[in-house]
Amino acid sequence: MKNWWQFHFPQGQQNIIITDAYGYPVKIAYGEKGTGKPLILLHGLGSWSYNWRYSIEPLSKYFRVICFDAKGYGFSEKPIYRREKSGHQIIELERIIQSLCDEPPVIVAESLGALVSLALAAKNPQLIGSLVVMNAPIFTETLPHWAMGLLAQTPLEIIHTIDFLRLAFVFAPLVREVMGMERRKVLFNPAILTEEDVYWITYPFIEIPGTLVKVAEELQIAAREIENLQAKKPNMLTEIQNSLTAIECPTLILWGDQDSWFPVSHGEKLHHYIPHSQLKIIENCYHDASTGANDVVNREIMKFLQDTNFC
């Protein structure tokens with residue numbers, strides 16, 4: 001199987017070292033292609049840069065496209081013996097931008113990545129030049145998938161044992177079959193997901209120790225935040241919701257019309273709160289817009305950036 005990073009990026013996989021939310025150095029894997037203003041593609045929970053495979057080439061004709069794997073995901077470092085704290089992704093995104101960009105970039109982000117980007121855009125409005133968010137879990141009141149709930153409820157010690165024994169590697173065909181089946185459920189046309197896609201989507205879980213542990217830990221953090229939200233206790237979701245009006249950069253909100261995880265009404269509500277925002281509903285699109293509606297997504301991104309004079 002070809003090296004994915006080498007295939008998509010002239011210099012293949014590169015790495016930078018940033019300090020994480022606790023001040024520890026961590027290695028972040030990234031790739032870049034094209035020249036011009038920086039444009040960062042930010043993946044969602046449980047994914048990695050591979051999810052942007054259909055956007056890298058088209059957008060790199062006009063921008064310096066940067067894909068990175070968030071800490072704990074894909075090919076980035078996975079500090080499994082250090083617990084994370086809520087909101088660490090926001091701090092780390094800020095430091096990645098500061099390390100890789102010499103001017104405020106465009107951020108294109110989906111799902112959890114979109115939530116993190118919204119939080120950073122409100123916290124540090126001068127850091128982001130323009131923002132595109134897709135299917136963000138900004139108003140969610142539950143984890144949207146049964147497997148997420150299962151991992152959120154499983155003690156991390158058990159997840160560590162599963163990971164230490166490399167059970168995902170031992171049962172690789174089953175892991176690919178189950179994950180492939182579940183990923184097809186978030187696509188309007190499941191047939192577009194190839195066996196090669198399934199291989200790369202599952203690659204970090206099967207081949208890179210620590211991936212399952214860190215994804216489970218992120219889900220447990222998310223579950224606690226949702227519990228605090230429902231109990232009306234301090235939580236990150238409410239903080240981000242309350243800060244949306246502070247977002248100053250031009251913002252495009254893309255939402256799949258058939259997203260069963262986060263309904264269109266959430267996108268409409270988000271549009272209402274963010275000044276200078278535009279909302280585009282994508283027809284025949286489930287949650288995974290970057291794959292299932294990639295042509296429309298790329299076209300809407302370019303139209304938005306041209307209309308707002310960012311390119």
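Buried means under 20% relative accessible area, exposed means over 50%, and partly exposed lies in between, using a 1.4 Å probe and protein chains only. The model is predicted, so local features need pLDDT of at least 70 and side-chain atom pairs count only at pLDDT 80 or more, while totals for chains, interfaces and linings use all residues. Residues are numbered from 1 along each chain as its sequence is written, and side-chain values use heavy atoms, with hydrogens and water left out.

Start with the charged pairs. A salt bridge is a side-chain nitrogen of Lys or Arg within 4 Å of a carboxyl oxygen of Asp or Glu. The count comes to 16 salt bridges. One of them joins E182 and K185, with the closest N and O atoms 3.3 Å apart. E182 is buried, because its relative accessible area is 13%. K185 is partly exposed, at 48%.

R183 pairs with D288, and here too the closest N and O atoms are 3.3 Å apart. Helices (H or I, at least four residues) and strands (E, at least two) are DSSP runs, numbered from the N terminus. R183 counts as buried because its relative accessibility is 16%. D288 is buried as well, with a relative accessible area of 6%.

Salt bridges that share partners also build a network, made of D20, K71, R82, R83, E84, E92, K214 and E217. Within it, the side chains of D20 and K71 meet at 3.4 Å, N to O. This pair links distant parts of the chain: D20 sits in the loop between β1 (14-19) and β2 (25-33), K71 in the loop between β4 and α3, 51 residues apart. D20 counts as buried because its relative accessibility is 1%. For K71 the value is 4%, so K71 counts as buried too.

Stay with K71. Contact means heavy atoms within 4.5 Å. Not counting residues up to four places away in sequence, K71 touches D20, V26, I28, S76, E77, P79, E84, H88 and E92. The C-alpha atoms of K71 and K27 are separated by 7.7 Å, though the two residues are 44 apart along the chain.

Now the rings. Rings of Phe, Tyr and Trp (its six-membered ring) pair if their centres lie within 6.5 Å; planes under 30 degrees apart count as stacked, over 60 as edge-to-face and the rest as tilted. The structure holds 17 aromatic pairs. F75 and Y203 form a stacked one, 5.6 Å centre to centre with 10° between the planes. The pair links distant parts of the chain, with F75 in the loop between β4 (64-68) and α3 (88-100) and Y203 in helix α9 (residues 195-207), 128 residues apart. Both belong to a cluster that ring pairs make of W4, W5, F9, W48, Y50, F75, Y199, W200 and Y203.

Rings also meet charges. A charge sits over a ring if NZ of Lys or CZ of Arg is within 6 Å of the ring centre and within 35 degrees of the ring normal. K85 lies over the face of Y22, at 5.1 Å from the ring centre. K269 lies over the face of F139, at 4.5 Å from the ring centre.

Two helix residues come next. Q220 is found in helix α10 (residues 211-230). Its relative accessibility is 14%, so Q220 counts as buried. Leaving aside neighbours within four places in sequence, Q220 is in contact with L151, A152, T154, P155 and L156. M236 is found in helix α11 (residues 236-243). M236 counts as buried because its relative accessibility is 17%. Residues up to four places away aside, M236 touches S86, G87, I90 and E225. The C-alpha atoms of M236 and R224, twelve residues apart along the chain, are separated by 10.0 Å.

Finish at the surface. F169, V170, F171, L174, V178 and M181 form a nonpolar patch there, with about 560 Å² of accessible area together. The elements giving two or more residues to this patch are α7 (167-170) and α8 (172-184). α8 gives the most, with three residues. V170 lies in helix α7. V170 counts as exposed because its relative accessibility is 52%. Patches are made of residues with over 30% relative accessible area and no salt bridge; like charges are joined within 9 Å, and nonpolar side chains (Val, Leu, Ile, Met, Phe, Trp, Tyr) within 5 Å. Accessible areas come from the Shrake-Rupley method with a 1.4 Å probe, and for residues only the protein chains shown count as cover.
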